[in-house]
Amino acid sequence: MKGILIILEKELKDYFTTSLFYIILTAFSFVIGYFFFNYLINVKEFTTVTVLTNVVTPLFGNINLLVLILSPLLTMKIFSQESRDGTLDLLLGSNLKYYEIILGKFLSIMTIIFVLLTYCSFVPITLHFIGYDNPYLFFTSFVGLFFCASFYISIGILASSITSNQILSSFLSYGGILFFIFLIQPARATSNYIVKSALQYLSVSYHYDYFAKGAVASYSLIYFVSMIFIFLFITSIVLSKRKW
Amino acid sequence: MKNNIVQFSNVSKLYPGVNALDCINFNISKGSIHGFMGPNGAGKSTTMKILAGLLKESSGEILFNSEKIEFLKDKSRIAYLPEVPAFYKGMTVDGFLSFCYQIFFKTKIKKEKLKYVLDICGLESVNRRIINHLSKGFKQKVAIAQSLIIEPELIIMDEPTVGLDPLAQIELRELIINLKKEHTIFLSSHLLHDLSLICDEITFIDKGNIILSDTLENVLEKQSDKVFVTFKSLNWSNEFKSKIQSFSKCEIKETSSNNYMKIKCIFDFKIEENKFLKFLIDQNLEIVEFKKESADLEDLFLKGNK
């Protein structure tokens, strides 16, 4: 546990003392604010249904898209740069366990994502002042976004451990994430029930939709936790294979 | 029997299509400075990385204080300095050393301990500076401080003097000699003169095979089958050259200077230098300097390469 905290502290110091984080935060704030403002002024009549369908649902969809775009950018250097600079050998040659290094790095990016999502809390607060209150929906949407981000980041961390080239790492991340998003398309197209169910269950968008509608299914939680675990576990295998 | 800290027994390392190490056997004595030499691609870095636990051997066994290296739980007992030291370049010197201590002991370093290491390595004046802004010499010192901070029993240094200016090389050499008091040092270098000045033991590796491994004295004595006699003459001519070769078969190399010729005679066998000197004087050769040299590591390196 201490090892995780050591890596977490070091990574957060790195993020918060460089301009990259502040540039991302500024860009994120601007884009979310822009979308929110535009969705809001296009609503002609403020009812629970119109605000939900014309503002909340598309806005959270866009936040999810932004998180998707940002995640590989945040993860691409996490192991690639360490590998290129030789500092990965320093970490792997230390008394830290692989899982401590991986979880420390994973949690550091999750903290960044948490800060970004916390910023989005201005959306329910603003809507509260215009008379729209649906705290449960907002809560599940944020939880869904958080799980989606964790999922994207675990793919990004795996991609970063595979190559020391940051650009290649980000492309691998995007490829992996889009693969799991677009699995829903063949699932819709097939008439075979078993294949349809399997593809649906593997698709991240299928699970996120539940959260966005205010429903939290236990199997979606199991999906996210197990997929994150699988990708981080494969990362530890990739790192251990460096010795061979 | 010598007290060995490291024992390599039939260690091999296979990369796809390449046999980087081929059943190597050698020992490193406790408290020694063990030089590891060989041409580029001989397998030095691979051997060092295996010992540091960064690579896995394909077969064989490595014992560290009679304990199998793969079962070594406390990795702080061995420190490894790669050829290109790895730093978090945006960190300050003391921040980086504190972090290195933390990843081994999972606790914060005491200020006295940090100060002690900074002091030994001559880094007090730059401890607050960003590592990336330091000179190469200072960076190398930070790398050594990084290994000292964890108080290892064995320090592995892969080409520590590469790219350093002569002054920094001398400083580093002195630092390494001082480290010998408390640590065993295993270092590779192409600066053979430096190795001969600081090493107690030498291992020569080529194409993944250990050519020899012994104390420096034994290596030079056993392996030297050539004798070098150098003299400076004021009246050197080709006539003397043929006279010398009729006296004893040898290879003669001439270097001219302003007032004299510097002659180097290389004998493939032991000769008595006093008899040779007497012979030269008897030939009316005007000699201003005469010395016999034994083979050094450079000769050994060249011989090994041949």
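This is a predicted model: local features need pLDDT of at least 70, side-chain atom pairs count only at pLDDT 80 or more; totals for chains, interfaces and linings use all residues.
Local features need pLDDT of at least 70 and side-chain atom pairs count only at pLDDT 80 or more, while totals for chains, interfaces and linings use all residues. Residues are numbered from 1 along each chain as its sequence is written, chains are lettered from A and ligands numbered from 1 in the order in which they are written, and side-chain values use heavy atoms, with hydrogens and water left out.

In chain A, helix α2 (residues 19-41) packs against helix α6 (residues 98-119) at an angle of about 30 degrees, and their axes are 10 Å apart. Axes are lines fitted to C-alpha atoms, for helices over the stretch in contact, and angles run from 0 to 180 degrees between N-to-C directions. The angle makes α2(A) roughly parallel to α6(A), a label for angles under 35 degrees. On the α2(A) side, the contact (heavy atoms within 4.5 Å) is made by F21(A), I24(A), L25(A), F28(A) and S29(A). On the α6(A) side, I112(A), V115(A), L116(A) and Y119(A) take part.

Chain B has 10 helices and 14 strands; helices (H or I, at least four residues) and strands (E, at least two) are DSSP runs, numbered from the N terminus. The C-alpha trace of chain B spans about 75 × 45 × 40 Å along its principal axes. Of its 306 residues, 48% count as buried, meaning under 20% relative accessible area with a 1.4 Å probe, protein chains only. Among contacts in chain B between residues at least 6 apart in sequence, 69% join residues at least 24 apart.

Terms used:
Angles under 35 degrees count as roughly parallel, over 145 as roughly antiparallel, 65 to 115 as roughly perpendicular and the rest as oblique. Buried means under 20% relative accessible area, exposed over 50%, partly exposed in between (1.4 Å probe, protein chains only).
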